[in-house]
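Here are my notes on the structure you sent over. Please read them with the model open.

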Amino acid sequence: MWARRFGNRLLAFLLLLSLPTCTRPQNANRPARAERFALRAARMLDVTSGQVVNGAVILVEGDKVSAAGANLSIPRDAKVLDLGDVTVLPGLIDAHTHITYHFDPSGHFGLEGDASSDITLKYAEQNARDTLNAGVTTIRNLGAGGRVDITLRDRVNRGDAQGPRMLVSGEPLTSDDMAGAGNATERLARIREFVRARVKEGVDVIKIFEGVYPDGEAVFSAEEIRAAVDEAQRAGLRVAVHAHEAAAVKAAVRGGCTSIEHGTFLDAEAMRLLVSHHTALVPTLYLPTHYLEHKGQFAFDDSTWDFFERLRAGNLANALRAKKAGVWIVAGSDAVAGVHGHNAREIEWLVKAGLTPAEALRAATLDAARLLGLEDKVGEIRAGEFADIIAVEGDPLKDISTVERVRFVMKGGQVFRDDLTRR
Ligand SMILES: [Zn+2]
């Protein structure tokens, strides 16, 4: 029910968007790039071991880290940035965002759509700046209309806009896309066609809205998910599936998806399947709280609000059960209007669910990089990886809320935020 309702809402929202006509930026503020940096900080979190290294030095050449460790000697020609009494850690990765979602000028979401994709893009660019500024240097954006996510990703990659590295899905597959497909063969053909269309548009990942019908049957069968996964794999892409109910999760996992988004109502069998298929769970724990605490700004109906209450009531215990069962948990905030720039709240909620701070930070760095297929590029501060480095005051292993107070952001060797040094 939920998937169908949300699918309709999403589609209605998407239909309001027309094709983008790209404009040049008025003043894309590009930070100057130095050839060699040496970052010094009191502490560095090694997310792989979960240990803090004291007296950290990170050498950056171009867009990559060339060395990182305790008390390394600093080359003479390096520009030294002494960050002081802070903890540096890899740039955060948010595996589930909606970078194009925003409040309208009256402060609401869902009452009216944007008049054009250009307008959506402007909001999305602000969201991308806020996201990067908060220390999130990579996102996986799961669901956007009008190809705005693709346009934004390309503008960020060209340096025409400031934002995190982006993997984007374009439009998600919903049950609405199956309207008029008469039989199983037609449905499978429709699904493959959908994936090929997204690949042609240049997406990085495929997003599917799975759900259950009132009789408990999954909206997309395991065979149908497998068709999408197979078609995506031909293009080297992975499939992320929105699923809350256990039956929906099981069909998606059996179909070979890479991650289950939300997965709020898992049963023992669903957890066993997640573990045996090594499918990631992105539990998006904070979002229901965000909605419920900002009720006046979101135009949802009563049954949707009831649904959010059920999510909030059960999602922490569900995630803890999954963790204990050995499910691979990755951080994703489901950032919608009002969450961009507060993505790290999800890391706090993962700790509320029972992950240790080190585990939660790993879920938002190294493990997220693995889910996105970006391991060895981002997710750790290590020689050869992109210099995506952030700093927080204090020690996030002792107080996880420090990740919400980021003071320094470097992405690919470029400093985008620096509240710590006078330059
Ligand atoms: Zn979402």
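1. Basis. The model is predicted; local features need pLDDT of at least 70, side-chain atom pairs count only at pLDDT 80 or more, and totals for chains, interfaces and linings use all residues. Residue numbers start from 1 along each chain as its sequence is written. Helices (H or I, at least four residues) and strands (E, at least two) are DSSP runs, numbered from the N terminus.

2. Domains. The chain is assigned domain 1 (2-27 + 92-372) and domain 2 (36-89 + 381-418). These bounds come from an automatic or database domain assignment. The C-alpha centres of the two domains lie 30 Å apart.

3. Domain contact. 19 residues of domain 1 are in contact with 18 residues of domain 2 (contact: C-beta atoms, placed from the backbone, within 7 Å). On the domain 1 side, H2 (117-133), H10 (345-353) and H11 (357-363) each supply at least two residues. H11 gives the largest share, five residues. By class, that side has 11 nonpolar, five polar and three charged residues. Ala, Val, Leu, Ile, Met, Phe, Trp, Tyr, Cys and Pro count as nonpolar, Asp, Glu, Lys and Arg as charged, and the others, Gly among them, as polar.

4. Helix H6. Eight of the nine residues of H6 are buried, so this helix is largely enclosed by the rest of the structure. Buried means 20 or more other C-beta atoms within 10 Å of the residue's own; exposed means 12 or fewer, and partly exposed lies in between, with C-beta atoms placed from the backbone. Lys250 is among the buried residues. They pack against H5 (222-234), E10 (238-245), E11 (259-265) and H7. Gly256 follows H6 and has a positive phi, near 95°.

5. H6 against H7. H6 (residues 246-254) and H7 (residues 268-276) pack at about 25°, with axes 9 Å apart. Axes are lines fitted to C-alpha atoms, for helices over the stretch in contact; angles run from 0 to 180 degrees between N-to-C directions. The contact uses Ala246, Val249, Lys250, Val253 and Arg254 of H6, and Glu269, Ala270, Leu273 and Leu274 of H7. Six of these residues are nonpolar, none polar and three charged.

6. Positive phi. Most residues other than glycine have a negative phi. Asn71, in the loop between E3 (64-70) and E4 (79-82), has phi near 50°. With 11 C-beta neighbours inside 10 Å, Asn71 counts as exposed. Asp334, in the loop between E13 (328-329) and H10, has a phi of about 60°. With 26 such neighbours, Asp334 counts as buried.

Definitions and conventions: Contact = placed C-beta atoms within 7 Å.
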